[in-house]
Amino acid sequence: MTEEQILSELAEILNEVAGVEASKVSADKSFLDDLEVDSLSMVEVVMAAEDKFGVKIPDEEVKNLRTVQDAINFIVKAQ
Amino acid sequence: MSTRVAITGLGAITPIGANVNETWNNALAGNSGIVKLGDEWAEGLAAQIAGRVTQDPYEVLDRVQARRMDRSTQLGVIAAKEAWKDAGAPEIELERLGVHFGTGIGGLNTVIEQYEIMINRGADRVNPMTVPMIMPNSAAATVGLQFGARAGVHSPVSACATSAEAIAGGLEMIRNNKADVVIAGGTEACLNRLAVSAFAAMKALSTRNNEPEKASRPYDLARDGFVMGEGAGALILENENHAKARGAKIYGYLAGAGMSADGYHIAAPEPEGAGASRAINQALIDADLSSSDVAHINAHATSTPVGDIAEYKAMRRALGADLDQVLVTATKSLTGHLLGGAGAAESIFTILALANKQAPVTFNLENQDPKIPVNVSIKNKNQLPDNARVALNNSFGFGGHNVCLVFTN
């Protein structure tokens, strides 16, 4: 899956779980500060992403995922 | 002179309507909301009938908010929002806005759903919102957040007396000057295989599966148990001075409340109605009224063989010969038993009956039980006298909880 495809899938997950408008999701955005995804929502986003991309995102890794780009990088590496 | 508590807003979502207006019109017309449960999960159950809300909550709530609520909270929020809007969505100090909102069972649908996910997909797939969705105060907390209530958010739990107790709690909050406005009521949504099986195991439910509409028949000789229902009701209770100062529409007043406990059995009502009659007496004393003032009673009347008689005895003990002047109605004949939502939904019926001088119709009364000699509101015989100004709503719950609310206009 390309970075672009991952971004678009993540945008869909963020919309489904947290109601973030897909058009607002770009690689440079911070989950918490820009997209207002709180910590409980982030758990749900991570679970949905694990299902979608077939990867495992360990808890200790989640706190390093500050921006959407961080998540994309992790998923690309883990796939 | 103590504070008077006005009712300035009403909201409901029930098996006979998606809002107050629809629910009320069907209650007057005697249209039943009891249906056969066609779901796969209901197959083979002893009881396969229920009063079901047909409005899809996702059509009226924000999707993202709704997916973080158990169905019981969804229905509660829908009722609260309607009541709030009906009250004119007052702009008030949030420190003076309270919530008293309960549920008898809580988020059981979510418990079951997440349990299945845990078993089938693993413990690490359990939704992080599970706890806030299943905690018994979930509906109260969510309603509180919806409107930013900060005076205090409370959630009594007393089985089928829950939302009546919540309304009594709201009354006290305003009388004690803890709040000017309280959103009070309750909700229930536990039509699932576990809850229906569990109530059926108690032999509490009607098993008239082939005639759903005829199954809930309070006071009728052929009654064989209650019919489960789901739904919610919400009242906006408001300090009368506060309501008048902002020019609010006033439906009537919550004049008093009485609460007692049977101290008898975890599920069965005390058969002589002693505990329940004390709740009725206390409510009248609290309202500074007497039995001769009462024109109408919305009875708890669940359609169980024992419960309906115990309540009759309680009413007779409390009101004596004055009971013969009262028009009694049993709305569970139409809605089924909304459990934690019942007291609130039936309070709305009571308030509207006084306001319109017309009581909801008791359905399925074909052969009235001679052990329950009361005047029952039935089709074309549901008018209240023009001077009717006091009505009671009874609610009782497993555990021996008894609540009586007094409404006036």
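# Reading a two-chain model

Me: Among contacts in chain A between residues at least 6 apart in sequence, what percentage joins residues at least 24 apart?

Reply: Start with the term: two residues are in contact if their C-beta atoms, placed from the backbone, lie within 7 Å. In chain A, 51% of the contacts between residues at least 6 apart join residues at least 24 apart. Some ground rules: this is a predicted model, where local features need pLDDT of at least 70, side-chain atom pairs count only at pLDDT 80 or more, and totals for chains, interfaces and linings use all residues. Residues are numbered from 1 along each chain as its sequence is written, while chains are lettered from A and ligands numbered from 1 in the order in which they are written.

Me: What percentage do residues 24 or more positions apart account for in chain B?

Reply: They account for 81% of the chain B contacts with a separation of 6 or more.

Me: How many helices and strands does chain A have?

Reply: Helices (H or I, at least four residues) and strands (E, at least two) are DSSP runs, numbered from the N terminus. Chain A has 4 helices and 0 strands. Its order from the N terminus is α-α-α-α. Chain B has 15 helices and 13 strands.

Me: What percentage of chain A is buried?

Reply: A residue is buried if 20 or more other C-beta atoms lie within 10 Å of its own, exposed if 12 or fewer, and partly exposed in between, with C-beta atoms placed from the backbone. By that count, 27% of the residues in chain A are buried. In chain B, 59% are.

Me: How are two packed helices described?

Reply: By the angle between their axes and the distance between the axes. Axes are lines fitted to C-alpha atoms, for helices over the stretch in contact, and angles run from 0 to 180 degrees between N-to-C directions. In chain A, the axes of α1 (residues 3–18) and α4 (residues 68–78) come within 10 Å and cross at roughly 120°. Angles under 35 degrees count as roughly parallel, over 145 as roughly antiparallel, 65 to 115 as roughly perpendicular and the rest as oblique. So α1(A) and α4(A) are oblique to each other.

Me: Which residues of α1(A) and α4(A) meet?

Reply: A:Glu3, A:Ile6, A:Leu7 and A:Leu10 in α1(A) meet A:Val68, A:Ala71, A:Ile72, A:Ile75 and A:Val76 in α4(A).

Me: Where do the buried residues of α7(B) pack?

Reply: Against α4 (71–86), β4 (97–103), α6 (130–134), β5 (152–154) and β6 (181–188) of chain B. Helix α7 covers residues 138–147, and its buried residues include B:Ala139 and B:Val143. The axes of α4(B) and α7(B) are 9 Å apart, at an angle of about 40°. These two helices are therefore oblique as well. Just after α7(B), B:Gly148 has a positive phi of about 75°.

Me: How many residues does each chain bring to the contact between A and B?

Reply: Chain B brings 5 residues and chain A brings 6.
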